[in-house]
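Subject: Structure handover

Hello,

Here is the structure I promised to pass on. Please open it alongside this note. My findings follow below it.

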Protein chains: 2
Amino acid sequence: MAPRTRRPQRRTEALSRERIVEAAVELLDAAGEGGLTFRALTERLATGPGAIYWHVANKGELLDAATDAVVAAALSLAPAEPAKPAGPAESAEPAESAGSSGPTEPAGSTEPAEPPDSPQDKIRAVAFGLFDAIEGHPWLPTQLALQLSRSPWGSVTPRIFESIGRQVRALGVPEGHWFTATSALVHYILGAAGQNAANTASARTFPPDVDRAEFLDAASKAWEELDPDDYPFIRAVAAEMREHDDREQFLAGIDLVLTGITALHLPSTQGGAPSSAT
Amino acid sequence: MAPRTRRPQRRTEALSRERIVEAAVELLDAAGEGGLTFRALTERLATGPGAIYWHVANKGELLDAATDAVVAAALSLAPAEPAKPAGPAESAEPAESAGSSGPTEPAGSTEPAEPPDSPQDKIRAVAFGLFDAIEGHPWLPTQLALQLSRSPWGSVTPRIFESIGRQVRALGVPEGHWFTATSALVHYILGAAGQNAANTASARTFPPDVDRAEFLDAASKAWEELDPDDYPFIRAVAAEMREHDDREQFLAGIDLVLTGITALHLPSTQGGAPSSAT
DNA sequence: TCCAACATGGAGCGGCGTTCCAGTACTGGA
DNA sequence: TCCAGTACTGGAACGCCGCTCCATGTTGGA
């Protein structure tokens with residue numbers, strides 16, 4: 001790690017925007033959203049603020065760039081399209097997928113109702129790519145939501161929109177409904193992934209003491225203790241929440257939206273609804 | 001503004017958590033997310049930080065409380081349930097709905113396929129309640145997303161979850177799917193409302209110079225100028241995005257999810273898919 | 001009447017994002 | 001070989017932030 005070559009030289013390796021973004025991602029991964037400060041960044045890069053500001057306009061742009069880098073890596077891993085066989089992830093490590101949770105398989109579906117490369121499957125792949133990226137970078141959903149609600153025309157939104165949209169088109173959705181169908185999918189994916197990330201992140205904060213099961217248990221208990229008059233439904237689903245599996249639940253939601261799309265926009269479809277569903 | 005009654009007395013009206021939250025909401029509405037600082041708050045309330053910290057633990061809790069107050073007001077306006085005729089909005093003004101955009105009606109649906117008080121309609125009402133609240137408080141979606149992805153067990157999530165969940169149950173969804181169906185709806189609503197709020201907020205930043213149409217036009221043009229090799233789909237829907245109506249689009253997405261729910265979880269349903277859909 | 005508990009607000013601390021600018025290494029032309 | 005110009009660096013410092021400390025004012029119960 002320590003550059004030992006020559007001291008009188010300014011630095012072994014020149015500072016670059018790429019290196020700065022990479023360090024920012026590492027800081028975010030290690031210390032969370034509050035961990036990324038320009039002071040921590042200058043120390044890690046052994047430089048001063050001016051050097052960083054030469055490459056990056058402000059902290060917001062740095063956060064956007066970090067988010068974009070991670071999302072780009074996640075989406076390039078997901079088989080969005082068989083084209084472009086070359087071109088691996090640029091920065092950001094290759095998302096140590098799955099990890100703690102059990103099944104890497106899409107779970108649920110008992111038998112493949114569609115061919116393995118159907119648009120439905122590809123949409124699930126894109127969604128799980130993001131899902132896994134969020135598991136590796138707990139700060140991602142917050143940043144994603146911020147960026148989405150602040151400037152929807154940044155680089156991240158088009159990236160995700162494009163990946164999903166291609167498959168919506170491949171599904172046979174008529175052009176007039178592309179925007180609606182894709183929006184619905186993207187909104188669901190980001191929202192659900194964000195919420196699930198909160199589970200993972202919270203569970204990670206106390207790794208040995210409280211594991212995921214205990215954490216969900218506590219949350220479920222909190223729900224059960226709400227006022228029965230004001231929150232009858234919440235109390236009723238508290239048990240269901242305790243036992244749910246993140247990935248399975250996530251997939252079920254996607255299938256819900258996919259079913260809606262095929263039913264509403266493909267009235268004469270042959271395949272029809274996706275699989276899963278008990 | 002300036003309390004003139006008696007000086008030697010500490011203040012005309014005692015400070016309370018409610019008054020603080022109310023002032024916080026006003027500051028957020030007036031100056032955006034960056035406008036809420038403890039210094040601005042002390043000035044507006046003619047007090048010091050200590051007094052505020054006596055009622056509120058920290059800034060995060062204040063933001064949570066402000067978010068909760070606005071959401072509670074929005075949901076109490078939406079006819080989530082005919083029970084409890086009394087009990088109006090506590091704090092926060094009653095959401096000056098619609099405002100700039102044209103139709104207050106749910107738009108879209110040509111004829112009511114369900115009775116006007118169907119669970120579907122109530123879900124739409126809840127969703128539009130949040131939608132309108134966001135139009136009046138552009139900082140809301142960001143805060144909502146933050147809160148959702150940071151601590152999903154706060155007071156806001158159960159509130160929304162409860163409002164939607166009751167209608168999901170009323171739809172006849174079997175108990176085993178309540179959590180999944182409700183989650184999908186909530187995620188879509190929050191995601192879509194947040195994105196649409198970004199449009200509204202950006203358009204409001206330059207009220208006279210750039211109106212909403214011009215803003216969408218610019219965004220659409222930006223999408224059309226993306227690399228055709230990397231973003232073929234985005235370019236194809238750019239025109240569709242320029243012409244879309246926020247509320248109509250929002251409703252279409254809800255119907256998409258509702259259709260998925262009824263198709264997947266109510267196999268023998270009579271009413272079936274919601275209305276709208278050309 | 002007194003006093004403990006409640007409530008207040010001014011002063012100030014440490015840390016943040018950001019700016020300023022003197023200085024250092026490379027570059028190409030003379 | 002020099003030297004001016006450019007690209008880049010990093011230390012010092014500024015203004016504002018959230019937050020804490022604490023002396024002080026107010027009030028309800030004994």
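This is a predicted model. Start in chain B, with two helices. Helix α5 (residues 119-136) of chain B packs against helix α11 (residues 246-265) of chain B at an angle of about 140°. Their axes are 11 Å apart. Angles over 145 degrees would count as roughly antiparallel, so α5(B) is oblique to α11(B). The crossing of α5(B) and α11(B) is right-handed.

Which residues meet there? From α5(B) come B:Gln120, B:Ile123, B:Arg124, B:Ala127 and B:Phe131. From α11(B) come B:Phe250, B:Leu251, B:Ile254 and B:Leu258. By class, this contact of α5(B) with α11(B) has 7 nonpolar, 1 polar and 1 charged residues.

Next, the two chains together. In chain A, 53 residues are in contact with 53 residues of chain B. Six elements of chain A each give two or more residues to the side that touches chain B: α6 (140-150), α7 (156-171), α8 (178-205), α9 (212-224), α10 (232-243) and α11 (246-265). The largest share of that side of chain A comes from α8(A), with 15 residues. By class, the side of chain A that touches chain B has 34 nonpolar, 14 polar and 5 charged residues.

Last, an annotation. The unreviewed UniProt entry gives "domain: HTH tetR-type" for residues 14-74 of chain A. Over residues 14-74, chain A is 75% helix and 0% strand. The end C-alpha atoms of that stretch are 27 Å apart.

Best wishes

Note on methods. Residues numbered from 1 in each chain as written. Chains lettered and ligands numbered in written order. Predicted model: local features only at pLDDT ≥ 70, side-chain atom pairs only at ≥ 80, totals over all residues. UniProt positions renumbered as here; feature names shortened; annotations may be inferred. Helix = DSSP H or I, 4+ residues; strand = E, 2+ residues; numbered from the N terminus. Axes fitted to C-alpha atoms, helices over the stretch in contact; angles between N-to-C directions. Parallel < 35°, antiparallel > 145°, perpendicular 65-115°, else oblique. Left-handed = near helix turned anticlockwise from the far one by under 90°. Contact = placed C-beta atoms within 7 Å. Nonpolar A, V, L, I, M, F, W, Y, C, P; charged D, E, K, R; others polar.
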